[in-house]
Amino acid sequence: MAGRINDEDVKAVRDAVPIDAVVSDYLQLRNAGGGNLKGLCPFHDEKSPSFQVSPSKGLFHCFGCQEGGDTIAFVMKIDHLTFSETVERLAAQAGITLRYEEGGYNPTSQRGERIRLVEAHKIAAQFYVDQLESPEAEIGRKFLAERGFDQAAAAHFGVGYSPAGWDHLTRFLRGKGFTDKELILSGISQEGRRGPIDRFRGRLMWPIRDISGEVVGFGARKLRDDDNGPKYLNTPETPIYKKGQVLYGVDLAKKEIAKTSRAVVVEGYTDVMACHLAGVTTAIATCGTAFGGDHIKILRRLLMDNGSARVIFTFDGDAAGQKAALRAFEDDQKFAAETYIAIAPDGMDPCELRLAKGDGAVADLVEPRTPLFEFALRQIVGRYDLETPAGRAAALDESAPVVARIKNSGAQHEVAVQLAGMLGILDTQFVVKRVAQLARWARDRGGRGPAPQQQRPQQNQQYGPSAASAHSGPALTLRSPAHRTERELLKLALQRPELVSPAFDAYGVDEFTAPPYAAVRQCIEEAGGAEAGIPESQTYLARVLDAAPDDTVRAMVTELAVEAILRKTVDEMYAGIQLVQVRLRAVDRRIRDVQGSLTRLSAQGDPAQLTAVQNELWVLQQYAQALRERGADAL
């Protein structure tokens with residue numbers, strides 16, 4: 001059994017490895033005054049830093065979770081190592097040879113599991129690098145060259161090559177003293193029919209390092225058509241590799257991320273390489289999994305999660321990339337940082353962009369472009385027809401809960417105002433109140449999202465019914481001037497068609513805001529229009545009834561056909577007033593719609609379309625003025 005490490009050597013390790021240097025490998029530290037440093041605690045989730053480090057005393061302490069100790073205690077806890085494993089690792093970093101008190105040196109075979117697995121990966125990584133120079137690896141070197149990566153770039157990122165044979169690396173590591181059990185546990189080898197074989201064969205290899213810089217896994221890219229495996233193959237979950245807890249390139253990017261309070265999240269290994277070589281040295285990537293909560297924890301500690309921090313996601317412009325961006329937005333509120341998305345106009349990823357347009361194009365791409373919340377909202381809003389009230393209402397129904405998730409009330413209000421502009425809703429306060437109401441519901445329900453659909457209030461009728469009730473529309477009420485006038489006009493069209501024809505037949509179904517009235521208008525149109533009722537009213541009404549799609553509409557037709565007209569003296573003047581009021585309200589609604597379109601176009605900046613909409617608005621406004629001034633003569 002291994003002997004106890006000499007106390008003097010333990011002290012020498014503590015003195016040789018400054019605690020601030022070790023801790024800063026895992027999180028950003030800033031001046032806390034009195035010679036101390038502070039950062040976000042890596043042992044519990046917090047928004048403001050309560051974790052402090054005293055370089056002069058060689059100690060750390062978190063005033064939030066009460067964790068504390070020296071350099072050795074910190075490494076033991078954060079990397080889940082034993083005391084001996086931690087001292088051995090720190091001693092290796094400091095170049096100190098350890099002595100063991102119960103005779104001899106610690107046998108390699110008895111060193112801690114994590115230390116052994118990391119050591120196996122370190123040797124494997126160098127083995128792959130050496131193999132990249134072999135004749136067999138020509139295909140790998142060509143792959144790199146075609147993507148703009150020379151030998152120096154490959155060396156900087158430790159890119160290597162795994163031989164195509166069954167067990168080249170396995171035999172090599174056995175020769176270094178590793179057991180078959182260790183090789184299987186590490187994920188470097190896998191069980192074959194006659195024993196362990198190499199997991200990665202004939203592929204380009206990227207070493208995946210943890211935040212402290214130790215190799216804990218590999219990413220392997222297929223190179224040959226006869227390779228039946230996936231395009232990218234990663235190390236499986238092992239005691240030292242959890243794909244949801246590692247970020248490729250974080251060991252190279254962490255200092256610049258901490259210095260600039262900015263991180264760029266890309267999709268693949270070559271994208272990280274392209275960004276770093278183009279001067280964007282804050283680029284990192286996930287390893288074959290979606291960007292998630294544990295990745296956020298890593299970045300938050302490096303960014304210090306302050307208000308000026310920025311996280312920029314770059315995703316492909318295709319549907320999968322957009323889906324990835326929306327997944328990232330799901331966790332957006334776990335950051336205090338501002339989050340953005342950058343997508344190249346032609347949909348190229350950073351690697352393709354660098355190859356096609358050079359380093360400058362990559363640097364330009366990751367300059368903050370579109371806030372992630374705005375991108376997410378535009379994806380939602382883009383699925384609806386914003387030219388119709390029902391479309392705007394449905395878009396609001398889906399997008400308002402997204403805005404309501406924003407925790408900062410000031411930011412929530414600002415985004416709600418922007419949402420109103422996206423939707424073309426001029427009543428900004430209506431949208432702001434809707435979002436605030438959903439946010440209150442979420443808080444009342446313990447943050448479980450908006451209230452159920454049946455608890456939602458009626459939509460503002462200026463913007464139409466909600467998506468759930470669009471088929472039935474607002475309840476009919478004669479207290480509504482619009483409903484009252486529409487009803488009166490339909491009664492005239494059914495009972496006294498000679499007074500409203502031919503003007504009535506030019507009215508569209510959409511000029512009737514209540515769906516039951518619109519349905520009756522449709523029946524009249526299918527029966528040949530009001531003009532068809534002038535010679536013979538009975539046959540005309542029979543045709544209107546025959547055109548009714550169901551009993552509900554049929555009942556509405558008979559109701560309007562027999563209900564008394566509100567005025568005793570029914571003449572052309574009275575009919576003209578109803579015609580003008582219905583048309584004027586329709587024109588005013590269209591003016592509001594066009595003004596909404598104008599608001600959206602002003603934000604997007606399409607000059608030609610903007611001019612066309614401005615012209616339409618002018619024509620509508622002139623027509624509305626004519627209707628007000630000249631009445632039925634302007635129809």
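**Loop between α21 and α22**

I started with proline 502, which sits in the loop between α21 (497-500) and α22 (515-526). The model is a predicted one. I looked up the peptide bond between serine 501 and proline 502 and found it cis, with omega about 5 degrees. For context, I noted that most peptide bonds are trans.

I stayed in the loop between α21 and α22 and turned to valine 509, which also lies there. Valine 509 has a relative accessible area of 25% and is therefore partly exposed. I then checked its separation from arginine 521, 12 residues apart from valine 509 along the chain, and got 6.0 Å between the C-alpha atoms.

**Positive phi**

Next I looked up backbone angles. Most residues other than glycine have a negative phi. Glutamine 66 has a phi near 70 degrees, a positive value in a residue that is not glycine. I placed glutamine 66 in the loop between β4 (59-62) and β5 (68-70).

I found serine 261 in the loop between α10 (250-260) and β12 (262-266). Serine 261 has a relative accessible area of 6% and counts as buried, because the cut-off for buried is under 20%.

**Helix α24**

I took helix α24, residues 551-562, next. It has 12 residues and spans 17 Å from first C-alpha to last, close to the 16 Å expected at 1.5 Å a residue. I listed Val553, Met556, Val557 and Leu560 as the buried residues in α24. Why do the buried residues line one face of the helix? Viewed down the axis of α24, they fall within an arc of 100 degrees, so one face carries them. I set beside this the general rule that an α-helix has 3.6 residues a turn, so residues three or four places apart point the same way. On the other side of α24 I found Asp551 and Val562 exposed.

**Helix α1**

I repeated the check on helix α1 (residues 7-16), where Asp9, Val10 and Val13 are buried. These residues cover an arc of only 105 degrees around the axis, so they are on the same side of α1. The face turned away from that buried side carries Glu8, Lys11 and Asp15, which are exposed.

**Aromatic rings**

I searched the whole structure for aromatic pairs and got 16. I followed up one of them, phenylalanine 127 with phenylalanine 172: it is tilted, at 5.0 Å centre to centre and 35 degrees between the planes. Phenylalanine 127 is in helix α5 (residues 113-131) and phenylalanine 172 in helix α8 (residues 168-175), so the pair ties together parts 45 residues apart in sequence. I have phenylalanine 127 as buried at 10% relative accessibility, and phenylalanine 172 as partly exposed at 33%.

I also noted one aromatic cluster formed by Tyr26, Phe43, Phe51, Phe60 and Phe74. In that cluster, Phe43 has lysine 77 over its face, 5.3 Å from the ring centre. Elsewhere I found arginine 583 over the face of tyrosine 507, at 4.1 Å from the ring centre.

**Nonpolar cores**

I looked up the largest nonpolar core, which has 48 residues. Val23, Phe51, Val53, Phe74, Ile257, Ile284 and Leu299 touch the most other members. Which helix gives the most to this core? It is α12 (residues 293-303), with five residues. I then found a second, separate core of 44 residues, including Trp206, Cys275, Ala278 and Ala283.

**Asparagine 234**

My last entry is asparagine 234, in strand β11 (residues 232-234). Its relative accessibility is 18%, so I count asparagine 234 as buried. I found a polar contact of 3.0 Å between the side chains of asparagine 234 and tyrosine 269. A polar atom of the asparagine 234 side chain also lies 3.1 Å from the backbone oxygen of cysteine 287.

Key: Residues numbered from 1 in each chain as written. Predicted model: local features only at pLDDT ≥ 70, side-chain atom pairs only at ≥ 80, totals over all residues. Heavy atoms only, no water. Phe/Tyr/Trp six-rings, centres within 6.5 Å; stacked < 30°, edge-to-face > 60°. Helix = DSSP H or I, 4+ residues; strand = E, 2+ residues; numbered from the N terminus. Buried < 20%, exposed > 50% of the residue type's maximum accessible area, 1.4 Å probe, protein only. Lys NZ or Arg CZ within 6 Å of the ring centre and 35° of its normal. Expected span 1.5 Å × (residues − 1). Arc of directions from axis to C-beta. Core = buried A, V, L, I, M, F, W, Y, C linked by side-chain atoms within 4.5 Å. Polar contact = N/O pair within 3.5 Å; in protein donor to acceptor, adjacent residues only side chain to side chain.
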